[in-house]
Amino acid sequence: MAECHPVAYRFVMEAREKGAKVIHVDPRFTRTSATANLYAPIRSGADVVFLGGIINYVLQNDLYFKEYVLNYTNASFLVNEQYRSADIGDGLFSGYDPSAKKYDNATWQYDRGATQTASQAGTPPVVPLRDMTLQDPLCVLQILKQHFSRYTPEMVAEVCGTPPETFLEVARAMAENSGPDKTSAFCYAVGWTQHSTGVQMIRTAAILQLLLGNIGRPGGGMLALRGHATIQGSTDIPTLYNMLPGYINMPTEQAEPNTLQKYLDSNYAPTGWWYNLPKYMVSFLKAWYGPHATPENDFGFHYLPKVGGDYSYNQMFMNMQDGLIKGMFVMGENCAVGGPNARLETSALQKLDWCVVRDLYPVETSDFWKSEVDPKTVRTEVFLMPAAAAAEKEGSYTNTQRMVQWHDKAVDPPGDATSETRFIYELGQQLRALYKDSPLERDRPIQQVQWDLPLHPDGEPDLGPVVREISGYTVADQKPVASFTDLQADGSTACGAWIYSGMMGADGQNRAASRQADPPGTQIGDPRFTSHAGWGFAWPANRRLLYNRASADPTGKPWAENKRLVWWDAQAGKWVGHDVPDFPPTKAPDTAANPQAFGMDYHSGADPFMLLPDGRGQLFAPTGLLDGPLPVHYEAIESPVANPLHPQQSNPLAKAVDRPDNPLNQPLDPTYPYVVTTYRLTEHHTSGAMSRWLPWLSELQPELFAEIDPELASAKGLENGDWATLVTSRGELEMRVLVTDRMRSLQVAGRPIHQIGLPYHWGVKGLITGDTVNYMTALTAEPNAKIHEAKTFTAGLHKGRRAERPLSEPESSIGVIVGRGGEAQALAKLVKDEVKLDKENP
């Protein structure tokens with residue numbers, strides 16, 4: 001966090017000065033480690049075991065926040081008796097289909113009794129059976145306890161390499177800092193996401209936070225740190241292929257007629273807040289198609305594109321490589337350096353008919369046709385369009401805590417450079433002109449989309465109407481709506497993203513541009529404290545903490561005076577406090593749940609998790625995750641270690657396409673014995689597209705390097721600053737070595753595992769150049785979010801530059817070692833003896 005999110009880390013340092021304890025868990029000792037109270041080393045990719053070990057410690061020692069867990073989570077819910085856990089047997093949950101490589105989650109569902117096992121169409125689901133004593137072996141808490149029972153400090157040491165005493169210190173600190181008057185927060189970023197088990201790593205932390213009572217309470221929660229400006233915004237108003245604005249699912253192709261009603265029937269929830277999906281979907285369609293979205297034409301639902309397959313990032317490039325995609329726009333992204341298996345991506349770009357790149361400088365993605373390739377062999381016509389930088393255009397950033405902040409234009413962009421808004425707007429206008437007179441039904445979406453904006457004198461579109469559309473308005477009088485609670489399903493309101501409703505105030509002012517802060521020194525509990533409610537706009541409803549009903553106990557009183565956030569005011573008959581309550585404002589704490597009701601009436605006044613069907617935090621997830629209702633440790637797709645917990649080596653649902661242009665290192669292959677993890681440096685920015693053109697930053701970090709531990713350096717005959725070559729089945733990479741104790745070997749399964757750290761900012765363009773690290777990573781996909789596994793892969797390491805390498809080294813095809821423990825090591829020794837490796841290349 002200190003390295004990659006230094007501005008946010010300022011607040012961590014301020015908290016530490018006031019007595020907060022900072023714990024850092026990471027494969028490398030970094031600037032964060034140096035400023036933390038406690039550092040715990042970990043093998044990259046083993047986080048589920050580390051976090052699961054803390055869960056086991058909390059449960060075995062009865063240290064969870066009992067009143068919170070019993071009332072606010074599904075701990076008491078009974079699960080289908082046919083459910084079988086993956087961590088007790090072969091590493092697979094019940095319902096796994098090996099031929100289809102997917103799960104049927106029927107056995108993961110709650111036990112709802114003999115009368116009804118699931119929701120019937122048009123009716124709310126029967127309330128699950130519960131055991132309020134939390135002793136029934138089929139209740140969620142007991143299932144959780146059994147599932148994580150093997151995650152002992154000794155198992156954490158064996159799998160993660162973390163010393164048991166260090167792990168126990170972390171576990172004790174987390175447990176001690178929980179309860180009515182204490183909370184802890186987890187901060188994470190792509191160190192958790194870029195794994196084949198990334199979603200489940202985050203799930204493990206969320207389970208722990210629920211057990212400790214750290215969700216929905218000030219000072220707690222899960223903070224997903226964003227890598228650079230408005231990454232949060234790019235998922236809210238999505239650049240994701242399977243989402244519409246506001247996390248509404250994109251419609252999918254179906255054999256039967258695809259109607260709005262059938263879409264809503266399959267996507268809305270009969271209970272909880274998502275019961276309101278029809279209001280948000282119809283308002284969204286009205287925002288896009290205006291008067292052309294009417295009840296008679298299904299509000300233009302048929303105009304929306306329908307997802308017919310996997311259009312995710314990785315698959316897109318494989319489709320491009322295979323000739324299925326003919327053209328591409330790339331805006332502010334340098335995939336030829338920043339993307340996984342960047343060599344394949346660069347090759348795929350060469351298969352296009354055309355490619356439009358908008359950037360501040362010529363980057364590797366714009367110049368792939370003349371970098372490391374004969375231009376005569378490239379068929380792609382490339383258009384490099386000059387883009388305006390952030391200070392040269394107005395717009396919004398949505399930062400990591402969901403706060404939308406407006407930035408004004410400071411200076412004009414140089415030459416022909418324009419904003420993305422102007423480029424896309426003018427492109428849309430030209431497309432509309434081309435299709436203006438088309439009689440074809442398929443061209444109606446282009447003809448009827450709302451695409452008219454006033455322009456500033458410099459030709460840039462005025463973004464005020466865009467903010468108004470996203471925020472929402474009433475169709476009849478065009479007045480801004482106050483909140484998403486004003487949206488309707490009858491076409492009387494329009495809203496481009498329901499979660500941003502209210503960003504445009506009733507007075508027509510852009511609340512994201514507000515700059516009213518609390519008085520200096522104001523803290524929670526101070527009557528002046530407003531949670532910075534006048535600074536920017538935090539979606540939804542300018543609410544700063546999601547699920548903040550959980551900050552009060554079941555009766556509506558704060559858990560502790562020092563943790564006051566929202567509470568029930570009986571005299572006023574509403575929820576009040578230092579934040580906008582994330583709960584129906586007049587729903588009293590003692591309101592009983594109505595098991596025959598829909599929407600929020602199905603929940604009681606003490607069910608804080610409104611977006612979930614039962615209003616409870618999910619320690620156990622019966623739906624929503626493809627690879628299991630609970631997290632399980634699986635080894636990375638490329639790993640030098642056999643899974644110590646069960647026979648299933650890696651995530652059975654992860655996508656690992658082993659093809660000639662995306663070869664994978666097989667597990668335990670002795671040719672690739674080292675674990676590699678990639679990361680960023682403070683001095684550079686992601687792919688280096690901007691920072692490598694700046695002499696000040698380039699001078700600070702001029703060369704690609706690898707961090708290696710002294711033991712590995714000694715074994716390889718490497719000294720600090722020497723050249724070395726990293727080898728995978730996908731190619732070779734040369735770099736300097738930084739020999740440092742910050743990188744350390746870890747004892748895993750009884751043998752040392754060496755980890756190599758690689759910053760990935762270099763390429764062939766800019767004032768400083770270097771090999772592209774992401775040539776080494778593979779196109780793989782985690783099953784839920786489909787993100788690649790750049791944080792853990794395997795490689796070999798050799799002294800010297802590429803041209804200096806001996807030609808007698810063994811290839812990866814010498815054999816695949818599949819075994820466990822000593823068996824695998826014995827097999828590896830046999831292979832080493834067979835190919836007669838010399839001391840220079842062990």
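## Salt bridges

The structure, which is a predicted model, holds 28 salt bridges. Side chains of opposite charge can pair when their charged atoms come close. The pairs described here differ in where their partners sit along the chain, and they are taken one at a time.

In one of these salt bridges the side chains of Asp-310 and Lys-655 meet, at 3.5 Å from N to O. Asp-310 lies in the loop between α12 (277-289) and α13 (313-321), while Lys-655 belongs to strand β19 (residues 655-656), so the pair ties together parts of the chain that are 345 residues apart in sequence. Asp-310 is partly exposed, with a relative accessible area of 22%, and Lys-655 is likewise partly exposed, with a value of 33%.

Glu-426 counts as partly exposed at 35% relative accessibility, and Arg-422 counts as partly exposed at 23%.

Arg-742 forms a salt bridge with Glu-707, and the closest N and O atoms of this pair are 3.3 Å apart. The pair links distant parts of the chain, since Arg-742 is in the loop between β23 (731-739) and β24 (746-748) and Glu-707 is in strand β21 (residues 705-708), 35 residues apart. Arg-742 counts as partly exposed at 35% relative accessibility, whereas Glu-707 is buried, with a relative accessible area of 3%.

## Helix α7 and its surroundings

Helix α7 (residues 164-176) has 13 residues, and from its first C-alpha to its last it reaches 18 Å, which is close to the 18 Å expected at 1.5 Å a residue. Its buried residues are Thr-166, Phe-167, Val-170, Ala-171, Ala-173, Met-174 and Ala-175.

The cover over these buried residues of α7 comes from both strands and helices, including β1 (23-26), β2 (38-41) and β5 (186-188) on the strand side, and α3 (47-60), α6 (153-160) and α9 (198-211) on the helix side.

Strands of a sheet pair through backbone hydrogen bonds, either parallel or antiparallel. In this model, an open sheet of three strands has the order β12-β13-β16, and its pairing is antiparallel. The edge strands, β12 (395-398) and β16 (537-538), each pair on one side only.

Strand β13 (residues 403-407) is joined to β16 by two bridges, and the two strands run antiparallel. Val-404 has Phe-537, in β16, as its bridge partner.

## A surface patch and a buried threonine

On the surface, Phe-329, Trp-354, Phe-383 and Met-385 form a nonpolar patch, and together they have about 340 Å² of accessible area. Met-385, one of these residues, is found in strand β11 (residues 381-386), and it is partly exposed, with a relative accessible area of 30%.

Thr-686 is placed in the loop between β20 (674-679) and α19 (695-700). At 18% relative accessibility, Thr-686 counts as buried, because buried means under 20% relative accessible area. Leaving aside residues up to four places away in sequence, Thr-686 touches His-228, Arg-680, Tyr-760 and His-761.

Conventions. Residues numbered from 1 in each chain as written. Predicted model: local features only at pLDDT ≥ 70, side-chain atom pairs only at ≥ 80, totals over all residues. Heavy atoms only, no water. Helix = DSSP H or I, 4+ residues; strand = E, 2+ residues; numbered from the N terminus. Expected span 1.5 Å × (residues − 1). Buried < 20%, exposed > 50% of the residue type's maximum accessible area, 1.4 Å probe, protein only. Contact = heavy atoms within 4.5 Å. Salt bridge = Lys/Arg side-chain N within 4 Å of Asp/Glu carboxyl O. Patch = residues over 30% accessible without salt bridge, like charges linked within 9 Å, V, L, I, M, F, W, Y side chains within 5 Å. Areas by Shrake-Rupley, 256 points an atom, 1.4 Å probe, with all protein chains shown as cover. Pairing = 2+ DSSP bridges.
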